[in-house]
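Open the model in your viewer and keep the selection tool ready. The tour goes from stop to stop, saying what to select and what is there.

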Amino acid sequence: MARVYKALVGWRAEDTMNCTKRVLRHCHDRPGSPAICTVDSGCASFDDIKVLANGAQSLASSEGLTTGDVVLVLSPPDPLLYATILGFLGRGIVVLFVEPWLPVQEIEHVLQRVQPKAFVGSRLAQLWALRIKAARKIPRWIHIGSLKHHAGQGDFDCVDLDPTSPATITFSSGTTGAPKGIVRSHSCMSAIHDGLSDPQRFDHFEKPDLCLFPNMALLHLGTGRGSLLVPKKWSTRALSHLSQRADTLKTASLTAGPAFLKQLLQFTDVHGGFGDLKSITIGGAQTDCWIFEQGFDQWADARWIHLYGGSEVEPVACVDARESVSKSRQRELFQALFIGGPVPIVEARTEADGLRVSGANVAKQLGATDENTPMDLTKKHWHNMGDRILADDEGWWYTGRVAQPQDEFNLEQRIYSLLGTSACFVSRVSNDRLVLFGEDINRRVSAVDHFASVFPEVEGLEDVSIVRDRRHRARIDRKGTLAQTSFGRN
């Protein structure tokens with residue numbers, strides 16, 4: 001696999017780049033500014049990250065890793081992780097990410113396919129990898145902490161690369177549960193930095209962003225922003241420590257999803273804190289309107305941004321969240337389904353089989369070639385988001401995943417409005433019966449006298465604990481939820 005990445009054909013020496021040059025520029029311009037902060041490990045400045053990244057590059061040299069090699073990296077999100085990634089990217093080493101909760105057989109398939117030359121991880125990650133045969137066959141295992149012994153040796157090295165050279169490969173479960181490899185090139189990473197730096201759509205603050213998503217923290221470094229990373233556990237104690245750190249750093253912005261926003265609202269309602277937020281970006285396409293509305297009340301002076309994107313494309317569209325909620329409420333929708341329109345760097349086509357997008361910030365799937373990648377006559381690569389988007393005079397409306405029948409999506413939205421909750425969904429089971437699954441759903445339905453007359457197509461109710469997606473905690477994992485029922489076990 002590594003040899004494939006080294007075969008850079010058809011490019012000229014003057015057409016070179018490296019996405020880490022942007023980060024290096026920020027390291028020179030604002031070396032003392034916080035770059036990566038966590039509740040447990042404190043703050044590392046841009047200069048600290050640079051020094052650690054130097055260590056990662058020195059370590060790579062000592063291990064014989066060079067441009068085009070693929071390295072599996074797995075470690076908790078902290079300064080060491082981000083410095084390792086940046087150091088490797090600077091050398092043209094391709095960084096492979098794998099979600100550790102994927103089934104073992106799927107991870108085996110990933111590693112056999114990519115065949116990384118080295119595995120860099122924490123002690124816990126190495127223990128995790130011992131159970132995976134393909135991981136045990138990786139030639140070099142390196143503890144991520146060893147880069148500290150190499151820190152400060154030499155200068156940060158940004159080698160010139162073909163812009164299409166892979167920077168990262170991410171394997172995730174995907175929205176459908178099928179694992180897929182997403183390849184972001186150096187030019188793609190730089191384009192994302194450009195998109196997220198658009199002052200017309202996104203605010204920029206000198207202080208670190210309160211950031212839920214580890215991948216967004218990496219992108220922030222390219223735009224010159226630091227990040228205060230939200231811990232995985234959202235207990236009252238964890239949020240109290242986070243609030244204290246945010247107050248010390250004077251954090252003025254938040255990038256998160258609706259699940260964390262909901263948790264944050266519950267915390268601030270009782271304990272206060274996080275009062276300095278001036279800009280709040282919420283990602284996703286299905287945030288309950290009431291969550292936004294409570295947020296508007298809590299941070300009335302903040303700018304609210306409703307962001308739509310995906311694993312392969314970030315960002316795709318964004319809109320003022322207040323406008324999204326207003327327009328959605330006018331159509332009696334329970335969720336904020338209005339997503340505005342495409343950002344300038346994205347071209348889009350709304351088609352029956354899904355929204356197609358093209359642009360410099362569109363990643364490709366692993367193994368895609370010009371022969372098997374959807375392209376048009378101008379040789380543009382088009383990615384199918386798998387989402388139905390309705391475009392009308394007001395803008396774009398999210399109307400569900402293409403894999404879900406439109407009538408079922410519409411039915412769910414009506415049910416949400418009547419029951420006052422989105423913690424439920426409909427699914428067809430044996431004999432093509434349409435059953436409503438949800439938390440405490442029998443009690444909720446019984447409290448509505450006219451439910452059966454309004455929704456005669458619903459032929460059954462099933463109480464079940466809703467399982468949430470591991471990455472997007474607000475999104476329902478339908479397959480995982482159904483697996484708890486007799487329908488899923490049969």
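Begin by selecting cysteine 158, which counts as buried because its relative accessibility is 16%; buried means under 20% relative accessible area, exposed means over 50%, and partly exposed is in between (1.4 Å probe, protein chains only). Cysteine 158 takes part in no disulfide, and the nearest cysteine sulfur, that of cysteine 19, is 8.6 Å away. A disulfide here is a pair of cysteine sulfur atoms within 2.5 Å.

Two remarks before you move on. This is a predicted model, in which local features need pLDDT of at least 70 and side-chain atom pairs count only at pLDDT 80 or more, while totals for chains, interfaces and linings use all residues. Residues are numbered from 1 along each chain as its sequence is written, and side-chain values use heavy atoms, with hydrogens and water left out.

**The disulfide**

How many disulfides does the structure hold? It holds one. Select cysteine 37 and cysteine 43, which form a disulfide with their sulfur atoms 2.1 Å apart. Look along the S-S bond: the angle about it is 110°, and the link of cysteine 37 and cysteine 43 is right-handed. Is cysteine 37 buried or exposed? Cysteine 37 has 0% relative accessibility and so counts as buried. Cysteine 43, at 38% relative accessibility, counts as partly exposed.

**Helix 3 and helix 4**

Next, select residues 46–62, which are helix 3, and residues 79–90, which are helix 4. Helices (H or I, at least four residues) and strands (E, at least two) are DSSP runs, numbered from the N terminus. The axes of these two helices come within 7 Å and cross at roughly 60°. An axis is a line fitted to C-alpha atoms, for helices over the stretch in contact, and angles run from 0 to 180 degrees between N-to-C directions. Helix 3 and helix 4 are therefore oblique to each other. Angles under 35 degrees count as roughly parallel, over 145 as roughly antiparallel, 65 to 115 as roughly perpendicular, and the rest as oblique.

Now show the side chains where the two helices meet. From helix 3, the contact is made by Ile49, Leu52, Ala53, Ala56, Gln57 and Ala60. On the side of helix 4, the residues in contact include Pro79, Leu80, Ala83 and Phe88. Contact means heavy atoms within 4.5 Å. Colour the contact by class to find ten nonpolar, four polar and no charged residues. Ala, Val, Leu, Ile, Met, Phe, Trp, Tyr, Cys and Pro count as nonpolar, Asp, Glu, Lys and Arg as charged, and the others, Gly among them, as polar.

**Helix 12 and helix 13**

Select residues 289–298 (helix 12) and residues 321–330 (helix 13), whose axes come within 10 Å and cross at roughly 135°. That makes helix 12 oblique to helix 13. Which residues of helix 12 meet helix 13? They are Cys289, Trp290, Phe292, Glu293 and Phe296, and they meet Ala321, Arg322, Val325, Ser328 and Arg329 in helix 13. By class, this contact has six nonpolar, one polar and three charged residues.

Stay on cysteine 289, which has a relative accessible area of 0% and is therefore buried.

Select valine 110 in helix 5, residues 104–114. Valine 110 is buried, with a relative accessible area of 1%. Leaving aside residues up to four places away in sequence, valine 110 touches Val98 and Phe171.

Then go to isoleucine 476, in the loop between strand 26 (460–463) and helix 17 (478–482). Isoleucine 476 is also buried, with a relative accessible area of 15%. Residues up to four places away in sequence are again not counted, and among those that isoleucine 476 touches are Ser422, Cys424, Phe425 and Thr481.

**Backbone stops**

Select glutamate 314 and proline 315: the peptide bond from one to the other is cis, with omega near -10°. Proline 315 is in the loop between strand 14 (303–308) and strand 15 (317–320).

Move to lysine 250, in the loop between helix 10 (236–249) and strand 11 (253–256). Lysine 250 is not a glycine, yet has a positive phi of about 55°. At 52% relative accessibility, lysine 250 counts as exposed.

End at aspartate 432, in the loop between strand 24 (424–428) and strand 25 (434–438). Aspartate 432 has a positive phi of about 60° and is not a glycine.
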